[in-house]
Amino acid sequence: MCYFICFVDKEIPMSVRNGRSFSCIFVYFVDIKIVFRGFFYLHVVRERVILGGMNKRATNRQHASSNLTGCNVGPYPLHKFSLCPEPSPDYPLRLSSAGDDEWVGGCRRKRTNSNTFAVEFVQNGVFHFSQNGRQYDVAPGEVFLVHRNANNEISTSAKAEKKTMIMSGTALESMLRQLGLDRADVIKVSRPDVLRELIDRARDVCKSNAPGRSQTAAALSYQVLLELAGDYSSRKYPRELVELMAYMQDNLDAPLPVEALCKQSGLSRAALHRLFDQYLDCPPIEYLIQLRIARARELLAMPWYSIKEIAQLCGYANQLYFSAEFKKRTGISPRAFRSEH
């Protein structure tokens, strides 16, 4: 077999490039198959990038009401994840996968109504992250949280690396609220070595065949959440807001108009709105609705509650209004959500 190097600075014909599109300079290692009328018919056996980047491919995945789109660059992002075997469906906290993730400039992922919760711990480079309209440049030593039911986007303009844990479970959203992580987007990690070790241990547990590995992985996941909660809680909320958030959480089955919240907190209507806008980036009633929909999602996973009962437990006297609000927020009806979960 004879080899030679061919430099190409334009599109390669489809028959040669095997369906892939390149717009930069490549080195092709090829073997000559046929010489006919002065033209080489070439069979590509290997390619290497030497300048300008790699082939870009769009990606698009739909799952129920959640949509994932984005762009791959060559083989990137490289997901070096270990998958964890699924425990029983009603397990309160589950680790789906853990491992390392390598990106290069031009990679992008955009989720609409995300069906994923992920802890993303940046190791090298910078990740551009946006979630529900808030934008961040996340640097090494920082974590960004990809939340369920959120609209978010991740991209890179240069090479970057992170460690990832993807979690689920019937009690996950409740845990995030109790730990104060439900509204966290980006967290500065105070003990990066500890967090790195926990994620690596979770990855290794997933790869092993040890008995009880699902339970061990879940325990490590909870340790990661506790570690992040400790760092995030250092960004203290004012006492009035903490007390009001707890009051709303404890009274989701009751009507809570703005007047009731003002009376409970002793704040004027204007001061109440300023407080929520400053620390939670939303009005108080919007925050209340988010709490109610999150509670509804948890209750819908419990088959012994009827949808009418769930509506009442979440503060909706009218089941039809509850169903309409739930679908508006999640893109799917309560009945359809229950059948999928």
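This is a predicted model: local features need pLDDT of at least 70, side-chain atom pairs count only at pLDDT 80 or more; totals for chains, interfaces and linings use all residues.
Reader: What makes the contact of K80 and E102 a salt bridge?
Author: A salt bridge requires a side-chain nitrogen of Lys or Arg within 4 Å of a carboxyl oxygen of Asp or Glu. The N to O distance for K80 and E102 is 2.6 Å, so the pair meets that criterion. The structure holds 19 salt bridges.

Reader: Which elements hold K80 and E102?
Author: K80 is in strand β6 (residues 78-83) and E102 in strand β7 (residues 94-103), 22 residues apart, so the pair links distant parts of the chain. Helices (H or I, at least four residues) and strands (E, at least two) are DSSP runs, numbered from the N terminus. The chain has 11 helices and 15 strands.

Reader: Why is E102 called buried, and why is K80 called partly exposed?
Author: Buried means under 20% relative accessible area, exposed over 50%, and partly exposed in between (1.4 Å probe, protein chains only). E102 has 14% relative accessibility and therefore counts as buried, whereas K80, at 44%, counts as partly exposed. Buried residues make up 43% of the 341 residues in the chain.

Reader: What makes R329 and E286 a link between two helices?
Author: The side chains of R329 and E286 meet in a salt bridge, at 2.6 Å from N to O. R329 lies in helix α10 (residues 319-330) and E286 in helix α8 (residues 284-300), so the pair ties together parts that are 43 residues apart in sequence. R329 is partly exposed because its relative accessible area is 25%, and E286, at 23%, is also partly exposed.

Reader: Why is α8 called roughly perpendicular to α10?
Author: The axes, which are lines fitted to C-alpha atoms, for helices over the stretch in contact, come within 11 Å and cross at roughly 100°. Angles run from 0 to 180 degrees between N-to-C directions; those under 35 degrees count as roughly parallel, over 145 as roughly antiparallel, 65 to 115 as roughly perpendicular and the rest as oblique. α8 is therefore roughly perpendicular to α10.

Reader: Which residues of α8 and α10 meet?
Author: E286, I289, I293, A296, R297 and L300 in α8 meet F322, E325, F326, R329 and T330 in α10, where contact means heavy atoms within 4.5 Å.

Reader: Why is S155 called buried, and what does S155 touch?
Author: S155, which lies in strand β13 (residues 152-155), counts as buried because its relative accessibility is 18%. Leaving aside residues up to four places away in sequence, S155 touches W103, C107, R108, F127 and H128.

Key:
Residues are numbered from 1 along each chain as its sequence is written. Side-chain values use heavy atoms; hydrogens and water are left out.
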